[in-house]
Amino acid sequence: MRWLRLIPDILMNGTAYGVLNFLIHKPTPLDEERTWRFITSREAPLRTFLREAWPPSFLRRLLLRAKQFQDAALGIRAHYDVSNEFYKLFLDPKFMFYSCADHIRGDETLVEAQTNKANHLLGLIDPKPGEKIAELGCGWASMLRHIERHTGDRENLTGFTLSKEQAAYIKEHYGYNVRLENFVEAEYPREHYDKIYSIAAWEAIRPQENPIILKKVYDALKPGGRFVMHFFCRLTPRLPAAITVAQLFFPGHVPASYPELVKEFERAGFRITHTSCHDYRTTLRQWFDAMVARREEALRIVGVETYNRYVVFFPASYKYFDDRTGVLFRFVLRKPPIA
């Protein structure tokens with residue numbers, strides 16, 4: 001069955017998509033280190049050409065347009081509603097952040113690096129007791145908990161998620177006000193929030209949705225309020241072949257490009273007061289190593305196919321950033337105060 005699917009996959013979605021999907025559907029667990037080396041190694045020019053040349057850009061756009069007719073929630077749930085216990089195997093135990101950590105020295109443990117990230121974001125958000133704060137895409141409430149520890153204020157925190165698994169986990173363990181709702185489609189009270197932030201959720205926003213959600217966020221903030229974003233995006237408007245590969249892991253999603261996003265921020269009325277870029281690669285390798293170290297538990301929890309999917313996903317993501325196809329950014333956007 002795998003061999004019968006390989007050629008149609010390559011013809012329709014490209015060489016990289018076909019080969020990676022072939023690996024994912026191996027009926028036995030992949031050789032993890034061999035898979036990592038195969039996907040992340042520097043390529044011969046011919047292999048690079050084959051990976052990037054097909055499908056051509058016009059066909060990529062048609063394929064992605066077709067996928068975007070599906071409900072956006074399906075792509076999120078396909079990735080996140082795997083198993084909370086599975087994610088616990090490789091995420092840091094302190095926060096359970098499923099987003100890029102900050103390796104400042106370069107030799108930090110995952111917990112140390114995620115603490116660096118949490119503290120940097122805390123400084124950008126600058127939460128105060130009594131402020132109404134919302135997180136768009138709240139994961140397992142990692143940052144909500146960090147903010148509560150800093151301010152002592154729980155009642156004014158709100159999270160949004162599309163993952164039923166995450167919402168149930170947060171309700172059971174922390175009791176935050178979490179809305180199981182697509183934050184693009186949600187309605188927000190006007191000038192209600194002092195701060196809004198998003199960590200590793202903006203990647204799921206379809207490019208045509210950016211003007212919609214940015215206007216909603218702008219209107220929901222009080223004058224002088226801030227919107228903090230942590231996300232990765234493409235560096236150029238060109239659609240790389242890697243976008244089709246991403247459909248294996250996040251069906252229907254297409255990260256926007258940096259130039260397009262900056263224009264949308266300004267059109268919405270925001271002032272950009274902070275921009276920084278960060279390196280995702282070490283975090284991805286640490287997650288991969290942690291998952292592989294607990295291979296038998298992972299296989300028991302999610303089975304061979306899902307395990308193989310993540311054995312492929314982490315090095316494929318590493319390759320995406322190593323090639324500089326995408327970069328992780330942090331922005332602080334301010335809504336101007338009333339003059």
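Colleague: Is F288 buried or exposed, and where does F288 lie?

Modeller: F288 lies in helix α14 (residues 281-293), where helices are DSSP runs of H or I with at least four residues, strands are runs of E with at least two, and both are numbered from the N terminus. F288 has a relative accessibility of 1% and counts as buried, a label that stands for under 20% relative accessible area, with exposed for over 50% and partly exposed in between, using a 1.4 Å probe and protein chains only. This is a predicted model, in which local features need pLDDT of at least 70 and side-chain atom pairs count only at pLDDT 80 or more, while totals for chains, interfaces and linings use all residues. Residues are numbered from 1 along each chain as its sequence is written, and side-chain values use heavy atoms, with hydrogens and water left out.

Colleague: Which residues does F288 touch, apart from those up to four places away in sequence?

Modeller: Contact means heavy atoms within 4.5 Å, and with those sequence neighbours not counted, F288 touches E32, E33, W36, V311, F314 and P315. F288 and W36 are 252 residues apart in sequence, yet their C-alpha atoms are 9.1 Å apart in space.

Colleague: How should I read the packing of two helices, and at roughly what angle do α11 and α13 cross?

Modeller: Two packed helices are described by the angle between their axes and the distance between the axes. The axes of α11 (residues 210-220) and α13 (residues 258-268) come within 9 Å and cross at roughly 40°; axes are lines fitted to C-alpha atoms, for helices over the stretch in contact, and angles run from 0 to 180 degrees between N-to-C directions. That makes α11 oblique to α13, since angles under 35 degrees count as roughly parallel, over 145 as roughly antiparallel, 65 to 115 as roughly perpendicular and the rest as oblique.

Colleague: Which residues make the contact of α11 with α13, and how do they divide by class?

Modeller: From α11 come N210, P211, L214 and Y218, and from α13 come L261, E264, F265 and A268. These residues divide into six nonpolar, one polar and one charged, where Ala, Val, Leu, Ile, Met, Phe, Trp, Tyr, Cys and Pro count as nonpolar, Asp, Glu, Lys and Arg as charged, and the others, Gly among them, as polar. Helix α11 is mostly covered, with eight of its eleven residues buried, and those buried residues pack against β1 (133-136), β4, β5 and α13.

Colleague: How do α8 and α9 cross, and what classes of residue are in their contact?

Modeller: The axes of α8 (residues 110-125) and α9 (residues 142-151) come within 11 Å and cross at roughly 65°, which makes α8 roughly perpendicular to α9; their crossing is right-handed. In this contact A118, N119, L121, L122 and I125 of α8 meet M143, H146, I147 and H150 of α9, and by class there are six nonpolar, three polar and no charged residues. Eight of the ten residues of α9 are buried, and what covers them includes α8, β1, β2 (157-161) and β4. After α9 comes G152, with a positive phi near 75°.

Colleague: Which residues other than glycine have a positive phi?

Modeller: Most residues other than glycine have a negative phi. One case here is A200, with a positive phi of about 60°, in the loop between β4 (193-199) and α11. Another is R324, whose phi is near 60°, in the loop between α15 (295-322) and β7 (326-334); R324 is exposed, with a relative accessible area of 52%.

Colleague: With which side chain does the side chain of H230 make a polar contact?

Modeller: The partner is the side chain of R330, at 2.9 Å; a polar contact is a pair of N or O atoms within 3.5 Å, and within protein one must be able to donate a hydrogen and the other to accept it, residues adjacent in sequence counting only if both atoms are side-chain atoms. H230 is in strand β5 (residues 221-234) and is buried, with a relative accessible area of 1%. Beyond four places in sequence, the residues that H230 touches include S99, A200 and L328.

Technical notes: A crossing is left-handed if the near helix is turned anticlockwise from the far one by less than a right angle, and right-handed if clockwise.
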